[in-house]
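Please read it alongside the sequence and the coordinates.

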Amino acid sequence: MLQVNRAFTDEFGDCAINTNISEIFPKASQIFLQTHVWPLLHRQGSVKEIYLKVRARTEPQLPVLLNCSRGEFRQQQCYRWVIFPARERSRFERELIKTQNDTMIYAQRLQKANARLQAVLNSATELVIMVLSPDGTVRFNNSSAETLLRYKAGSLAGQNIMTLFGQTDTASDALHRLRAMFTAKGRAGFGKAETLQLDTSMTDKDGNNVEVAVSISPVCRKNTTNIDELLLVATDRRQRKQLQCN
């Protein structure tokens, strides 16, 4: 080093003139200097925003950004080094990595919990279970719903519940009551503990009517009366009738 400024000595201490600049770098950074930085400097004449760590006076591993370019100093060829301490950037990157890792862990836990819940609901083979949005769109269903209504796996989600009721008097009554629930006025008057129960028929994929007993309950946010979703549970009345006959 031929010359350093006051900021350099404040950060790194008193460095003797003619000391090799590599001495302020720890071993790993010295290797990177030899294998990457110096070859780029010899080939291009400059480098910009190289992220490394140096040995500062108070920190053995101070993260820095460095720029370097070829030039002259007192009529001799030299390289001008500009070193920017990057403490905040390093802290931010550590927090970002930690947040990303935490998010991945939470996502994995949620995926496992959802898979476990799906397995439990699918095991309820005698119950059709659907979660509906306030406007009646199917957000979730178990495999029994697809089996009963003859839908392919995954094809029920996105359907509106209104289209799944048959063309019968009981179905018309069910639709009338459901429409009242799905209006703003109806939702406001739908009590938190209230449950709609009715015997009606639903339409399968082939257009056949399937007699079902339906129970629909509101799912409210905690400590509020706002309805976020509706839980529909249905059973096949045909099976119940067969058991009664037997």
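## Confidence

The score is pLDDT, the predictor's confidence in each residue, from 0 to 100. Helices (H or I, at least four residues) and strands (E, at least two) are DSSP runs, numbered from the N terminus. Over residues 184-192 the pLDDT is below 50. This stretch still has 20 contacts in the model beyond near neighbours in sequence. Contact means heavy atoms within 4.5 Å. Where pLDDT is low, the predicted coordinates should not be read in detail. The protein's average pLDDT is 80, and 81% of the residues score at least 70.

This is a predicted model, in which local features need pLDDT of at least 70 and side-chain atom pairs count only at pLDDT 80 or more, while totals for chains, interfaces and linings use all residues. Residues are numbered from 1 along each chain as its sequence is written, and side-chain values use heavy atoms, with hydrogens and water left out.

## Cysteines

How many disulfides does the structure hold? The count is 0. A disulfide is a pair of cysteine sulfur atoms within 2.5 Å. For Cys68, the closest cysteine sulfur is in Cys78, 8.7 Å away, which is too far for a bond. Cys78 is likewise in no disulfide, its nearest cysteine sulfur being that of Cys68.

Are these cysteines buried or exposed? Cys68 counts as buried, at 2% relative accessibility. Cys78 is buried too, at 12%. Buried means under 20% relative accessible area, exposed over 50%, and partly exposed in between (1.4 Å probe, protein chains only).

Phe73 sits in strand 2 (residues 62-73). Gln3 is 70 residues from Phe73 in sequence, yet their C-alpha atoms are 9.2 Å apart in space.

## Salt bridge within a helix

Side chains of opposite charge can pair when their charged atoms come close. The rule used here takes a side-chain nitrogen of Lys or Arg within 4 Å of a carboxyl oxygen of Asp or Glu. By that rule there are 4 salt bridges.

One of them joins the side chains of Lys98 and Asp102, at 3.0 Å from N to O. Both residues belong to helix 3 (residues 87-123). They are 4 residues apart, so about one helical turn separates them. Lys98 is exposed, at 52% relative accessibility. Asp102 is partly exposed, at 24%.

## Salt bridges across the chain

Arg139 and Glu229 form a salt bridge through their side chains, at 3.0 Å from N to O. Arg139 lies in strand 5 (residues 138-141) and Glu229 in strand 8 (residues 227-236), so the pair ties together parts that are 90 residues apart in sequence. Arg139 is partly exposed at 46% relative accessibility. Glu229 is partly exposed at 25%.

A further salt bridge pairs Asp204 with Arg150, at 3.4 Å from N to O. The two residues are 54 residues apart and link distant parts of the chain. Asp204 is in the loop between strand 6 (196-203) and strand 7 (209-220). Arg150 is in the loop between helix 4 (143-149) and helix 5 (169-182). Asp204 is buried, at 5% relative accessibility, whereas Arg150 is exposed, at 53%.
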